[in-house]
Amino acid sequence: MGKKVKKESETPCKETLQFEPLPVEGKTPATVVLLLSCPEEDILVKACEAIHTFAEKGDENKVSLLGLGALEPLCQLITHNNKLIRRNAFMALGIMATNGDIKSALKKIDVIPSIIDKLSLEEDIVVHEFATLCLASLSVDFVCKVKISDNNGLPPLIQLLSSPDPDVKKNSLEIIFNLVQDHQSRLALHELGGIPPLLELLKSDFPVIQHLALKTLQNVTTDTDTCNTFREEQGFEKLMDILSNMDFHDLHAEALQVVANCLSDSKSLQLIHKGGGLTRLMEFVLTPNLPEIQSNAVKCIARVAQSSENRKLLHEQNVEKVLVELLSVVDISVKTATCQAVSIMSFHLASKDSFRDLDGIPAVVQLLNNESLELKEAATQALSNLTHSNQLNAFAVYEAGGDEILVQQLYGSCRMTVANSAAVLGNMAGQEVIRCSILSHGAIQALVEPLQSTDTQVLINTTLCLTVLACDTEARAELQSVGGLHPLVNLLRSYHKEVLHHACLAINVCASDMNAAVEMCQFGALEMLQEINLSVNRRSRFSELAMISLLNFNLSVKYSLTSHLASTDIISDGFYDAGKAHAGQRIQTLEELSKQPVNEHWQIIVVNTATEKNKKDDKQKNGTQPESPTEKPWKMMDDVSLQLLVNEAKKSILPLSDEREQCAALARLVSEAMGGAVEMEKLHEFPWVLHLSELKFQLQSNVVPIGLISRGIYCHRALLFKCLADCIGMSCTLERGEYSRAWNEVLLFNGNPSMNERSSQPYRYIVDLMHQPGSLLTANTPAAVQYQTI
């Protein structure tokens, strides 16, 4: 490419000196430094030249001169009226400024205004060279960059880009490159007309200048107005000329970065497209080239595709066809860049279909078998975007055998590959046939380790995938058997909003399996969800949904926390009422409560209709080993009285054909078992408190079987009514009020069903179990309200 930019140490004087250089022999550096303060101009000329010669020999000499105090007199001499003194002082200062210690020292001296003042076109070229060399060294520092800008240094530097001396061009360009890292300087460069001279430097014979010009253009073309000027000055065409010339292959990577900036703006892209520029770029991308250049060209397309409008235009140019062709290129870096471009283009809906129609999806799937971690990451990301909300693409991945390979990727070491693979599997698993295939390849087992990841995206995608897969009954059972529920529950400790939301969704789905729900409760899921739902910042509809789902399989806790059981909540053996729980309070298990010493607190009422024989049968059915004679595991007390009440309800109430009659009869049965009707005025005389205390003392337990209560108040009667109603298939709710109040609500039709006089809508009634047992009080009427409150 012709001559190279000369090194600073090779720079000759531009004029022949009229005297011999000051000999170093016999003149120590200290003596020469002292001569810098001499008033005689001839001596100053020689002293500066000697300093320059000495400093050129290495950093050790430069630091020595700094210690001898050469810096300050040199900074003064660069403004000397004598042209030769000024030139030699700049040569010495410029060489010394390349040393780090001297740069630090110069920052403390206000020398930048003096240097800028000597950048005028009238000044000697040698002064330009070493003045810009000095500023180039200083301009890497932020404070110095500000000083250069504040002292109006940019205009003369732009002028010097047209200097006949290549070193001046190179140094000026380096300073400008450092300055335009700042947004305001980028704008100023454009306003001062800096784009045309920068473009002119692309023709330079010196690669270092071309590289610096491209790097500077790469920075300034991030601004829209600058891009417009760049385009108007035929900048894009000049870059494409560089890209078309293989002699300039070392410039292609940086040229492509500038191209990407120019094309990122939709308006610029359309104008360049009209001029045939986009077609030229596509041709360049497909032209066999050095792998690095071809991959950079594809990265350029990916950058352009960041905008939705640009993606539409690229789609119209059939960019998908170009990218699918590049997937078969041998080089890994090209394939990786292509997958990244496919990933971005997939945000355009029509492009997703194009990639499928062009058989791009099987091509990407095959890349998952490659050993390159970077390529696997890019390929899984592409598949994630291709399959997002696109069932046809998901099926195409399945047909290409992608589901099995993706499951294996979940064991990988690259976190983003794991995250992307989980996302693809989640996108695919919505289709039952694919979900079954994914599960058959061991997806549940493979997801357990990612559930314990510390990476946010891995956790989000893994829980999303699990949520879809856990719709399958066998998948939920497998998740429990492989130990996946514990790490899932542990995610409730997360303070990351998305992780917490998706963990709650997964728990909600898994909770549809009773065994899984029970195990999650054992791991503390309910307590954690209580804490979450009490937090203003952490609670959400997802956490509330997960809580409800778990509570539906733990009705005792549900009743304690919500004071409500729906008609669909069927009470079974082992249900207990420990009273209303306070917000955030942990609900103890029945076994824990049973082992506590008798106290004066509220009694725990337990439901148990099973006999000892039935309990043993259940254990055998569940495959539980028989107890050894020495083991005495905790068990609930038998409740023969409750068993008799259940039998009586089945015998006397089930045969009744009218729902109202059934409801009234059951209410009377409950009332008789709990002490009969009590007049409202004499309620305070009803000895239920003493009766419960006596029972606790007799049983030596805080836990009282409900069938043993013969003096029961509202809360006891309502619970017994709900228990018996559930046993015989009657529908009713259980509602807890304040203090000892509780009631049951039923839905009944009005009219005579045998005469077809039934109302079209059912009515809500409160069942009176206390004062006029069997009476039905219409909900929200004064009588019903009086029954529900004190």
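The entries start with the ground rules and then go through strands, rings and surface.

Ground rules. I worked on a predicted model, in which local features need pLDDT of at least 70, side-chain atom pairs count only at pLDDT 80 or more, and totals for chains, interfaces and linings use all residues. Residues are numbered from 1 along each chain as its sequence is written, and side-chain values use heavy atoms, with hydrogens and water left out.

Three-strand sheet. I took helices (H or I, at least four residues) and strands (E, at least two) as DSSP runs, numbered from the N terminus. Two strands pair if DSSP finds at least two bridges between them. I found an open sheet of three strands in the order S1-S5-S6, with antiparallel pairing. Strand S1 (564–565) and strand S6 (742–743) are the edges; each has a single partner strand, so one side of each lacks a neighbour in the sheet. S5 (residues 734–736) is joined to S6 by two bridges, and the two run antiparallel. Across that pairing, Glu 735 stands opposite Trp 743 in S6.

Strands S7 to S9. I then followed S7 (residues 745–748), which pairs with S8 (residues 763–767) in the antiparallel sense over four bridges. Here Leu 747 faces Arg 764 of S8 as its opposite residue. S8 is also joined to S9 (residues 776–778), antiparallel, by three bridges. Ile 766 has Leu 777 in S9 as its bridge partner.

Charges over rings. I counted a charge as over a ring if NZ of Lys or CZ of Arg is within 6 Å of the ring centre and within 35 degrees of the ring normal. Lys 215 has its charged end over the ring of Phe 177, 4.8 Å from the centre. Arg 538 lies over the face of Tyr 495, at 4.2 Å from the ring centre.

Val 146 lies in helix H9 (residues 142–150). Is Val 146 buried or partly exposed? Val 146 counts as partly exposed because its relative accessibility is 33%. Ser 731 sits in the loop between helix H45 (714–728) and S5. With a relative accessible area of 47%, Ser 731 is partly exposed. I also checked Ser 731 against Ser 437: they are 294 residues apart along the chain, and their C-alpha atoms are separated by 41 Å.

Methods
Buried means under 20% relative accessible area, exposed over 50%, partly exposed in between (1.4 Å probe, protein chains only).
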